[in-house]
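Here are my notes for you to read beside the model. Please keep the structure open as you go through the points.

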Amino acid sequence: MPEQVESSPKLNVSSEIKSPTYDLTKFHLKRILSNNSKCKSITLLGTFPDISETDAAIVVFEKNAYRESDVATEVPADQDADSSPKPSYFSTDLQVRTDFINNIYASFQCVPTQELCTVKGTVIYPATEKHIEKYSICQKYIINETPDLYESITLPYITSSQFSLDWVYNILEHKQETERIVFEDKHPENGFVLLPDLKWDGRNVETLYLLGIVRKRDIKSLRDLNASHLPLLRNLRESAKQAILERYGLNPNQLRMYFHYQPSFYHLHVHINPIRNDAPGIWCEKSHMLDTVINNLELMNDYYQRASLPFVLYEGNKLLELYDKQLEVRQVVAQELSEADEAPEAFTDDEPEEGRECKRIKLSTPQKESNEAELLEMPCA
């Protein structure tokens, strides 16, 4: 059995964390990259001019998700009588302003205690063009990547221009973030590290978001997987589920475990979150369920070297430029219909059979240019 270790329960505070080189209060906004009203988040592009006028900085502010304890109205039975009460939205600190009241319906603006008003902030500094592209809202295009296109376009591109993986190796080598590790399997072939994703605050289990980062360094993405990796994938699935059950009490059958393609960084990792949480990147053209990946490799050992894999590219992505040169993915060919080429009308219940038969002929016959003689011969013209 591979040696497995579980870290201490601390998640949010690490002795390795150093003070940042920048002062967040001195951030200077250049433009807003995205403003997501559904996720209650906003992404900003700017600089820290006291450090550098040119180095780009990305700041993401996101409203924290609600915890059940935040809306409690009774003191928990296990709470010490001498301890300070936990903050609640329904405390005397709640400030309420009425918008309107209409019969049984009412709308208010509520300002809870300061402790419940915190906003999660994420900073990327200095940010590269790829970071800016990733966090920007722009036009999107579906690419149906065949194995040949992967070899000729995608692979050369990601080999030459991917993000640095030093931060991943720092985690695997215990140089950074060791106290954030939730679970670790040290087996060199089948092992992995489980830790919180940056998108999770590390506290609210309702929005749990973990990454399982494999130890092997030669697997960039789904494209590199084959049947020899099945022991790794099965171990990743079962060990991660057990660790999450023991640590957070979540039912393994309520977890979503999936890969992204294309991934944001090219070192194989699995995303894990509760199925009740609408996590980013779970749409069908982006995510591949771990169970499905395992099943595909059980059926065909080189499935991901043979399969066509769709993925999304954003306007401004250099990979999109490469695909556009070969496939013209941005070009839309507009076909105008003349009056003679208009689509046949739909059938109606009270239409005579002769008229219906005429429409059947139009539906089943390819359109072609009709001369005057043909029009005269058509019984239903």
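**Notes on salt bridges and a surface patch**

1. A search of the whole structure turns up 18 salt bridges. A salt bridge here is a side-chain nitrogen of Lys or Arg within 4 Å of a carboxyl oxygen of Asp or Glu.

2. Before you go on: this is a predicted model, where local features need pLDDT of at least 70, side-chain atom pairs count only at pLDDT 80 or more, and totals for chains, interfaces and linings use all residues. Residues are numbered from 1 along each chain as its sequence is written, and side-chain values use heavy atoms, leaving out hydrogens and water.

3. Take a look at D218 and K216, whose side chains meet in a salt bridge at 3.7 Å, N to O. D218 is exposed because its relative accessibility is 52%, while K216, at 15%, counts as buried. Buried means under 20% relative accessible area, exposed over 50%, and partly exposed in between (1.4 Å probe, protein chains only).

4. Next, find R234 and E298: their closest N and O atoms are 2.9 Å apart in a salt bridge. This pair links distant parts of the chain, with R234 in helix α4 (residues 230-248) and E298 in helix α5 (residues 290-299), 64 residues apart. Helices (H or I, at least four residues) are DSSP runs, numbered from the N terminus, as are strands (E, at least two).

5. E315 and R330 also form a salt bridge, at 2.8 Å, N to O. E315 lies in the loop between β15 (309-314) and α7 (318-327), and R330 in the loop between α7 and α8 (353-364). Salt bridges with shared partners join E315, E321, D324 and R330 into one network.
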